[in-house]
Amino acid sequence: MKSHYLCPLCQAPMNVHQDSQGLHCANKHHFDKGAQGYWVFSQPKKPHIDSRQLMRAKHFLLESGIFTPVIEALQRQLGDLLPSDARLSHLDIDSGEGYYLRSLDGVFKALGLAVEQTGVAEADNALFVAAKAQPEACLIQSQLKTLPFADDCFDLVSLFDKPLKGKEPLRLLKPGGTFVWLSPGPRHLWQIREFIYPNLTEKGGEPQQPKGVSLVASERISYSLALSGEQALTLLEMTPFAWRANDKIKRQIAQQNFESLQIDLYLTLATKDA
C-alpha cells in the first residue's frame with residue numbers, strides 16, 4: 001500500500017508492509033516504528049537536546065496554561081475556516097515535546113473534526129516525551145531541512161514560534177490546504193529581551209507572508225504573565241532568542257520576578273495557491 005513518505009536514504013516513495021505495518025522502498029530500505037513510540041527516519045548529527053531537568057520544566061510550564069489564549073485563538077480561527085465534516089491530515093513541523101500537537105488535537109475534537117496528526121522533530125528525548133503523552137499521533141525523528149514526505153500530501157501544516165525557513169512547509173501542503181504559523185510580535189518577551197539587548201527598540205510588525213499562499217486571517221495575540229525568574233528562563237529557552245543569552249545574563253534573569261511579562265504573538269492562517 002502506498003504512503004506519503006519518502007525514503008530518507010534514497011528519497012524513493014515508500015510503501016506500507018501489510019503484515020508488519022513497516023515502511024519500505026523499492027531500493028529495499030526498511031523502517032519500523034520503534035519501541036519508544038516514534039519512527040526514526042534520520043538522526044541529525046547535532047540536534048539540540050535539552051537536559052532532563054529543562055525538559056521537565058518546559059513540560060510543566062506549557063501545561064500550566066500560559067498559552068491558553070493562543071489555543072483559544074486557534075480554535076476560533078480554524079472553526080471559521082475548516083468544514084465541520086472534514087477528514088484532514090495535519091503536520092506539525094519541529095513539534096518538540098508535542099505541546100501544540102496535543103493542543104490542536106483538543107481543538108480538532110472540540111470542532112468535531114477527524115484529523116490524522118503527524119509531528120516531526122530532531123531531538124529524540126523530546127519525541128520520547130511526546131509519544132508518552134500522545135501515543136495516537138504519528139511522531140517522526142528526522143532532520144528538518146529536508147522532510148521525508150512527498151509533495152502536496154498534508155491538508156494542514158503548522159509551525160509554532162519558529163522562524164519560517166526554506167520551502168519545506170509549503171512543499172508539503174496540498175493546494176488549497178491551510179498553513180498555520182505562530183510567530184513573535186515586536187513586544188514578545190520584552191522584559192526578558194531587555195537583559196539580552198541593552199539598547200532594545202521596538203521593530204517590525206506583522207510577519208512577511210511567504211510566496212505561494214493567500215492570507216486568510218492574521219491575529220495579534222497580546223497579554224501578560226506573572227512568572228518567576230526560573231519560569232521566565234524556561235520560557236526563553238523555547239525561543240530563538242535563547243542562544244544570545246550567556247550564563248551571566250541567564251543568572252540575572254533567574255533572579256528576577258516578572259509580574260507582567262509581555263506575550264506578543266502573531267497567528268497567521270493562509271491557504272496554498274493552486
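Which residue is the bridge partner of Arg220 in strand 12? That partner is Tyr266. Welcome to a quick tour of a predicted model, in which local features need pLDDT of at least 70, side-chain atom pairs count only at pLDDT 80 or more, and totals for chains, interfaces and linings use all residues. Residues are numbered from 1 along each chain as its sequence is written, and side-chain values use heavy atoms, with hydrogens and water left out.

- Helices (H or I, at least four residues) and strands (E, at least two) are DSSP runs, numbered from the N terminus.
- Strand 12 (residues 257–272) has 12 buried residues out of 16, where buried means under 20% relative accessible area, exposed over 50% and partly exposed in between (1.4 Å probe, protein chains only).
- Strand 11 (residues 213–228) pairs antiparallel with strand 12 over 14 bridges; pairing requires at least two DSSP bridges between two strands.
- Strand 10 (residues 173–184) also runs antiparallel to strand 12, joined by seven bridges, and Thr178 stands opposite Thr271 of strand 12.

**Helix 3**
- Helix 3 (residues 99–110) spans 17 Å from first to last C-alpha, close to the expected 16 Å, which is 1.5 Å times one less than its number of residues.
- Nine of the 12 residues in helix 3 are buried, including Tyr99, Leu104 and Phe108.
- Just after helix 3, Gly112 has a positive phi of about 75 degrees.

**Ala121**
- Ala121 lies in strand 7 (residues 114–121) and counts as buried because its relative accessibility is 2%.
- Leaving aside residues up to four places away in sequence, Ala121 touches residues including Ser95, Leu127 and Ile140, with contact meaning heavy atoms within 4.5 Å.
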